[in-house]
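Please consult the sequence and the structure while reading.

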Amino acid sequence: MFRVGSDTYSQYRAFAKDKAKAYSTCELVLLDVRTGLVPFTRVVSRERLELKQAADLDLSETMRRAEQGSAAEALKVAAEDLVNFVKSVPRKGG
C-alpha cells in the first residue's frame with residue numbers, strides 16, 4: 001500500500017520568473033496477507049523547485065509540474081527501497 005501527499009508553494013516576482021516549490025511525501029507499507037505482519041515500511045520525502053516557463057499559461061501549471069516531479073522522485077526512491085528489501089529476503093525451500 002502506498003500514499004503520496006504533496007504541498008506546493010509559489011513565489012510571485014516582479015522582475016524575474018515566478019517560482020513554484022513542491023514537497024511530496026510517499027508512505028509505503030508492505031503487508032504480508034498470510035500472516036498479517038508488516039515486514040517493511042518506508043517514508044520518503046522529496047522537494048522540487050520549478051521556474052515558470054514561457055509555455056505555461058499561468059503559475060498553476062508550474063506548480064503542477066513541480067508537484068508531479070517531486071511525487072515521481074519520492075515514488076521512485078520508495079520503490080527502489082522496496083525492491084532491495086524483497087531481494088534481500090531469504091527464500092523458503094531454496
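The text below moves from the overall fold to the surroundings of one serine.

**Overall architecture**

The model is predicted. It contains three strands and one helix, arranged along the sequence in the pattern β-β-β-α. The protein is more spread out than a compact globule, because its radius of gyration is 18 Å, well over the 12 Å that the globule rule gives for 94 residues. In keeping with this description, the C-alpha trace spans about 65 × 20 × 15 Å along its principal axes.

Of the 94 residues, 21% are buried. The protein exposes about 6900 Å², and carbon and sulfur atoms supply 55% of that area. Its side chains include 16 positive and 13 negative ones, and the centres of these two sets lie 6 Å apart. Among contacts between residues at least 6 apart in sequence, 52% join residues at least 24 apart.

**The position of Ser24**

Ser24 belongs to strand S2, which covers residues 19–30. Is this residue buried or exposed? Ser24 has a relative accessible area of 1%; this value is under 20%, and therefore the residue counts as buried.

| Partner of the Ser24 side chain | Distance |
|---|---|
| Side chain of Ser70 (polar contact) | 2.6 Å |

Methods
Residues are numbered from 1 along each chain as its sequence is written. This is a predicted model: local features need pLDDT of at least 70, side-chain atom pairs count only at pLDDT 80 or more; totals for chains, interfaces and linings use all residues. Side-chain values use heavy atoms; hydrogens and water are left out. Helices (H or I, at least four residues) and strands (E, at least two) are DSSP runs, numbered from the N terminus. Buried means under 20% relative accessible area, exposed over 50%, partly exposed in between (1.4 Å probe, protein chains only). A polar contact is a pair of N or O atoms within 3.5 Å; within protein, one must be able to donate a hydrogen and the other to accept it, and residues adjacent in sequence count only if both atoms are side-chain atoms. The radius of gyration is taken over C-alpha atoms; the globule rule is 2.2 Å times the number of residues to the power 0.38. Contact means heavy atoms within 4.5 Å. Accessible areas come from the Shrake-Rupley method with a 1.4 Å probe; for residues, only the protein chains shown count as cover. Lys and Arg count as positive and Asp and Glu as negative; His and the chain ends are not counted. The place of a charge is taken as NZ of Lys, CZ of Arg, CG of Asp or CD of Glu.
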